[in-house]
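Subject: Structure handover

Hi,

Here is the structure I promised to pass on. Please open it first; my notes follow below.

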Amino acid sequence: MSTPPQGALPLPDFDHIPFGSLAARVRSLDIQQLEQLIGYERNHGQRILVLELLEHRRDELREGAEPTSGSPDAMKPEVAGSPDSDASVGAEPGPAVNPPAHGDPTNPAQPR
C-alpha cells in the first residue's frame, strides 16, 4: 500500500500537530482516514505515541464508536499569529543589577 503525500492527508500539516492536540483532531476522522494517517506515520515519522493514538482511535471506531462532528482543522491553538512589526522583545531595560557589598559571587577574582 502506498502512502499519500503529506498534502493529501486528512489532517493538514499532520507532521507539525503537537501530540496534545492530535487526540482531539482525530476524533472527527473515519476509519479510512485513520488508516491513511497510520500508513503515513509508519513510513515517515514512526512516532510510537502517535501510532498508538491513531490505532487506538481506529479500534474504537471498529467497536462501534462514531466520528464526532466538526472539522479536524477547525481549531488550531498551536498556531501562533505573526508578531506586530512594531513590537520588539526586550525594548525596555530591566532593573539595574548591583553586586552584593561583599563582592560579586560570580567573579572568582573578588573576595566573598
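Is Glu41 buried or exposed? Glu41 is buried, because its relative accessible area is 0% and anything under 20% counts as buried. This charged residue is found in helix α2. Setting aside neighbours within four places in sequence, Glu41 is in contact with Phe14, Gln46, Arg47, Val50 and Leu51.

Before going further, note that this is a predicted model.

Confidence

The mean pLDDT of the protein is 79. Of the residues, 67% score at least 70. Confidence is lowest in helix α1, with a mean of 89, and highest in α3, with a mean of 95. Where pLDDT is low, the predicted coordinates should not be read in detail.

Overall layout

The protein has 3 helices and 0 strands. Starting at the N terminus, the order of elements is α-α-α. Helix α1 covers residues 19–26. Helix α2 covers residues 31–43, and helix α3 covers residues 48–62. The protein has 112 residues, and 24% of them count as buried. Take the contacts between residues at least 6 apart in sequence: 59% of them join residues at least 24 apart.

Packing of α2 on α3

How do α2 and α3 pack? Their angle is about 160 degrees, and their axes are 10 Å apart. That makes α2 roughly antiparallel to α3, because the angle is over 145 degrees. The crossing of the two helices, α2 and α3, is left-handed. From α2, the contact uses Ile31, Leu34, Glu35, Leu37, Ile38, Glu41 and Arg42. From α3, it uses Val50, Leu51, Leu54, Glu55, Arg57, Arg58, Leu61 and Arg62. By type, the residues of this contact between α2 and α3 come to 8 nonpolar, no polar and 7 charged.

Packing of α1 on α3

The axes of α1 and α3 come within 11 Å and cross at roughly 15 degrees. That makes α1 roughly parallel to α3, because the angle is under 35 degrees. The crossing of α1 and α3 is right-handed. Phe19, Leu22, Ala23 and Val26 make the contact from α1. Leu49, Val50, Leu53, Leu54 and Arg57 make it from α3. The residues of the α1 contact with α3 divide into 8 nonpolar, no polar and 1 charged.

Some α3 residues turn up on both lists.

Arg58

Arg58 sits in helix α3. Is Arg58 buried or exposed? Arg58 counts as buried, because its relative accessibility is 12% and the cut-off is under 20%. Not counting residues up to four places away in sequence, Arg58 touches Ile31, Leu34, Glu35 and Ile38. Arg58 and Leu29 are 29 residues apart in sequence, and their C-alpha atoms are 9.1 Å apart in space.

Backbone points to check

Most residues other than glycine have a negative phi. Which values do Asp13 and Gln46 take?

- Asp13 is not a glycine, yet it has a positive phi of about 60 degrees. Asp13 lies in the segment before α1. Asp13 is partly exposed, with a relative accessible area of 49%.
- Gln46 is not a glycine either, and it has a positive phi of about 50 degrees. Gln46 lies in the loop between α2 and α3. Gln46 is exposed, because its relative accessible area is 55% and exposed means over 50%. Gln46 is also one of the residues in contact with Glu41.

That is everything from my side.

Best wishes

Terms used: Residues are numbered from 1 along each chain as its sequence is written. This is a predicted model: local features need pLDDT of at least 70, side-chain atom pairs count only at pLDDT 80 or more; totals for chains, interfaces and linings use all residues. Side-chain values use heavy atoms; hydrogens and water are left out. Axes are lines fitted to C-alpha atoms, for helices over the stretch in contact, and angles run from 0 to 180 degrees between N-to-C directions. Helices (H or I, at least four residues) and strands (E, at least two) are DSSP runs, numbered from the N terminus. Angles under 35 degrees count as roughly parallel, over 145 as roughly antiparallel, 65 to 115 as roughly perpendicular and the rest as oblique. A crossing is left-handed if the near helix is turned anticlockwise from the far one by less than a right angle, and right-handed if clockwise. Contact means heavy atoms within 4.5 Å. pLDDT is the predictor's confidence in each residue, from 0 to 100. Buried means under 20% relative accessible area, exposed over 50%, partly exposed in between (1.4 Å probe, protein chains only).
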